[in-house]
Amino acid sequence: MCGLVGIVGKDPVNQALYDSLTMLQHRGQDAAGIMTVQNNNLRLRKANGLVRDVFHTRHMMRLAGRIGIGHVRYPTAGSSSSAEAQPFYVNSPYGIAMAHNGNLTNAHELQQQLFQKALRHINTTSDSEVLLNIFAHELYQQQSLTPTADDMFATVSRLHRQIRGAYAVVAMIIGHGMLAFRDPWGIRPLALGQRETPTGMEYIVASESVAIDGAGFTYVRDIEPGEAVYITDAGELFSRQCADSPQHVPCIFEYVYFARPDSFIDKISVYASRVNMGRKLGEKVKRDHPDLDIDVIIPIPETSCDIALEMANVLGIPYRQGFVKNRYIGRTFIMPGQTLRRKAVRRKLNAISSEFKGKNVLLVDDSIVRGTTSEQIIEMARDAGAKKVYFASAAPEIRFPNVYGIDMPSANELIAHGREVDEICALIKADGLIYQDLADLIAAVSQENPQIKRFETSVFNGEYITGDINQGYLDALDASRNDHAKHQQSSSEDANLELHNESDED
């Protein structure tokens, strides 16, 4: 998962881009980048690390210009090389910079076609670089010295017919404007905002509405599935539906875990959807597990806090904050390697013993992926004095890998893959385990926007909506995502970095 932002302003946009990226930091902590344009020259700073660590005063002063894009990243396939930090750039046609959130499911095929048709070389393993080069090649086919909005939309239309998977994209075409577009399924989110200034209207696109708010803009609407929005250097806005048969099928995991609770995505309040999840899960516990002797409900901070509080209201059981979270530790399931993840859990959470001692506790989390974190948290609760430890997940069993831009690991590393609930319960050493039903999860989210009839739920049911995923693809994905592959790739990248220093490092 990644976060992106693009701004066409009347004044310098470097600070607004930085502010937006800090609001999107939860979407990726591996790398960050900003690229701006001034006098038809690109200004770039990107590197591994958090936003606050990548950008210093000297970098911000260099990032002059009133048009720019930004990106925060974590690596879908495990690569953490700074060479794959975004935005990416190609010099023809015009000079194009691009940031991408998602994953192309036919990237390898597209890369081969690119070389055969356009003699374009892809220098990284990133599908985002493939996407950029396809876009550049198709835009070149328009053969226009001064590309129009029609040229941009025709290019996106041809792009939609070639690429498969999930993608939300923002691109700068130097000297002409900024283009944003979304895949025909609307899997990955993208929103549009604006603000009136004394010198004219400014526009912003971002992965979540919270980034629009944080930069001082007003949310206007979500970009529709398959739609493209083009904003010229002069500030004129054009939009058009560019997909042949768009359908609205957003990723439901955005609402479960990834998005900030103060965001609205596709007219759905993330906070309200999580409250609904808690209500549904509480009703399931009351209906199916009336014999559980629960003294207190404790969330695993922070995503599940709203869920657990609503469960406590439904069940009439006290809600307590039993864990204190260290906010300076990254998301553990994103971290490459089981050893790192295990160490990080203990550094990230600490139990308040008085809330556990002598009690039967129900721990609530948003989801269970590998089970590593859940097992250790249950152990921490027992060490703090809990008599019994029950565990509830606001999401159903995650049995299948994600192919649309979330680094949900190799299927064999998913604790629910090929296992039933009783087996999972034994593995994480809980006294009882309750999962949300998929129908209830869908109802909890769709309640906030009944116009959305379907969600992307492949990690739960193995149904991949793009229709191009087979076992061969999943086997190849497994080979690239398992911990051994990530370790090998990381070692290779470390060796390469010994020979290469980024030109913008200082």
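Biologist: Is Asn39 buried or exposed?
Modeller: Asn39 is exposed, with a relative accessible area of 69%; exposed means over 50% relative accessible area, buried under 20% and partly exposed in between, using a 1.4 Å probe and protein chains only. This is a predicted model, in which local features need pLDDT of at least 70, side-chain atom pairs count only at pLDDT 80 or more, and totals for chains, interfaces and linings use all residues. Residues are numbered from 1 along each chain as its sequence is written, and side-chain values use heavy atoms, leaving out hydrogens and water.

Biologist: What is the phi of Asn39, and where is Asn39 placed?
Modeller: The phi of Asn39 is positive, about 55°, although Asn39 is not a glycine. Asn39 is in the loop between strand E2 (31–38) and strand E3 (41–48). Strands (E, at least two residues) and helices (H or I, at least four) are DSSP runs, numbered from the N terminus.

Biologist: And Tyr94, what about its phi?
Modeller: Tyr94, also not a glycine, has a positive phi of about 70°. Tyr94 sits in the loop between E5 and E6 and is partly exposed, at a relative accessible area of 26%.

Biologist: Which bond joins Ser92 to Pro93, cis or trans?
Modeller: The peptide bond from Ser92 to Pro93 is cis, with omega near -5°, and Pro93 lies in the loop between E5 and strand E6 (96–104). The bond from Gln86 to Pro87 is cis too, with omega near 10°; Pro87 belongs to the loop between strand E4 (67–73) and strand E5 (88–90).

Biologist: Changing topic: in what order do the four strands of the open sheet run?
Modeller: The order is E16-E19-E20-E21, and the pairing is parallel; two strands pair if DSSP finds at least two bridges between them. Strand E16 (296–299) and strand E21 (432–435) are the edges, each pairing on one side only. The twist averages 20° from one strand to the next; angles run from 0 to 180 degrees between N-to-C directions, and axes are lines fitted to C-alpha atoms, for helices over the stretch in contact.

Biologist: How many bridges join E19 to E20?
Modeller: Six bridges join strand E19 (residues 360–365) to strand E20 (residues 388–393). Leu363 stands opposite Phe391 in E20.

Biologist: Which strands does helix H10 touch?
Modeller: Helix H10 (residues 305–315) packs on the sheet and touches E16, E19 and E20, where contact means heavy atoms within 4.5 Å. The direction of H10 makes about 165° with that of E16. Helix H13 (residues 421–428) lies across E20 and E21, at about 125° to E21.

Biologist: At what angle do H5 and H6 pack?
Modeller: Helix H5 (residues 127–140) and helix H6 (residues 149–162) pack at about 130°, with axes 9 Å apart. H5 and H6 are therefore oblique: angles under 35 degrees count as roughly parallel, over 145 as roughly antiparallel, 65 to 115 as roughly perpendicular and the rest as oblique. Among the residues in contact are Leu131 and Phe135 of H5 and Met152 and Leu159 of H6.

Biologist: Lastly, how many aromatic pairs are found?
Modeller: The whole structure has 11 aromatic pairs; rings of Phe, Tyr and Trp (its six-membered ring) pair if their centres lie within 6.5 Å, with planes under 30 degrees apart stacked, over 60 edge-to-face and the rest tilted. Tyr255 and Phe455 form an edge-to-face pair, 6.2 Å centre to centre with 85° between the planes. Tyr255 and Phe455 are 200 residues apart, and both are buried.
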